[in-house]
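Work through the exercises below with the sequence and the model side by side. Each task is followed by its solution.

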Amino acid sequence: MKFLFDCDDTLYDLERPFYQAVQDLDLPLHQEQIPSFYKLYRKHGDAIFDQVQSKKMSVDESGIYRILNACQDFRIPFERCEALRFQERYRFYQNHISLSKPLQEWFASSRSEKAILTNGEKNHQMEKLQALKIPSYIPDDHIFISGVIGYRKPDPRAFDAVLVKCGGPSLDWVYIGDRYDHDIVPAKQKGMRTIHFNRHHRLEGPLADHIVYQDEELVALLLKMERGESV
C-alpha cells in the first residue's frame, strides 16, 4: 500500500494560522465576514503564485501583497507596516502547526510507503513539513515540491515525477488531497485511487473514490485500506 499526501489543508487546516493572525491584528471584521475575506486573500495569492515559486517574489512579500489587497477589497484601511506585522504573525502560526493526534498516531505506526506532493516554494513548504514533523515519517526523496520538480498540480507531470522516482504502478498509489480540481482530478487521470479530504466542504465530484471531512474519518479509512478490508 502506497499513500501520496498533499500538504496544505490536508495534513493540517490551512485556514487556522490565518484566522489566528487576523485575531492578533484585531481586523475590523465580523465573524461571518472572515470566510469571504479569506477567500479574497487566497485569490490574490493564487494570482502571484508563479512569482513566488520562481523566487521573483519572496514568500513574505507575497503575504504582504495578499493582505493589503484583501483589505483594499474590503475597504479596510491598512498600512504596509500593519501588513508586515500581519505576515510576521501568520508565519509564526504557520511554523507552529501540528498534525492532529489521529494523524500523528497513524504516521508513527504505519509501515506503508508514503510520499508528499505539494505546490509551493521549496523553503516555505519544507518549513511547514518540518513543523508537522513529516521528515520523521517520510524520507527526503519521497517529498516532492512543485518549486523543486518544476511542475505544479494539476499538471499531470507533477504526479509523473512521483511515479518515476518512487516506482510502482499508479493503481498501487492512493492520493489524498483537499482540492477536487487540483488534486483529485489529475490523480485519478493518472490511474491512482483517490481520497478527497474535503475538510471545508468545497467542490466535490465523481472522480473521488472516497470523501472524508475529518481527520478521524481519514485515519479510519487509511487503516481499513492497510488491513485490506473492503472500503
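**Exercise 1.** How many aromatic pairs does the structure hold?

Solution. The structure holds 19 aromatic pairs. Rings of Phe, Tyr and Trp (its six-membered ring) pair if their centres lie within 6.5 Å; planes under 30 degrees apart count as stacked, over 60 as edge-to-face and the rest as tilted. This is a predicted model, in which local features need pLDDT of at least 70 and side-chain atom pairs count only at pLDDT 80 or more, while totals for chains, interfaces and linings use all residues. Residues are numbered from 1 along each chain as its sequence is written, and side-chain values use heavy atoms, with hydrogens and water left out.

**Exercise 2.** Describe the pair of tyrosine 41 and phenylalanine 86.

Solution. Step one: the two rings are 6.2 Å apart, centre to centre, with 65° between the planes, an edge-to-face pair. Step two: tyrosine 41 is in helix 2 (residues 34-47) and phenylalanine 86 in helix 5, 45 residues apart, and the pair links distant parts of the chain. Helices (H or I, at least four residues) and strands (E, at least two) are DSSP runs, numbered from the N terminus. Step three: tyrosine 41 has 0% relative accessibility and counts as buried, where buried means under 20% relative accessible area, exposed over 50%, partly exposed in between (1.4 Å probe, protein chains only).

**Exercise 3.** Where does arginine 75 lie?

Solution. Arginine 75 lies in the loop between helix 4 (59-73) and helix 5 (80-94). Its phi is positive, about 55°, although arginine 75 is not a glycine. With a relative accessible area of 78%, arginine 75 is exposed.
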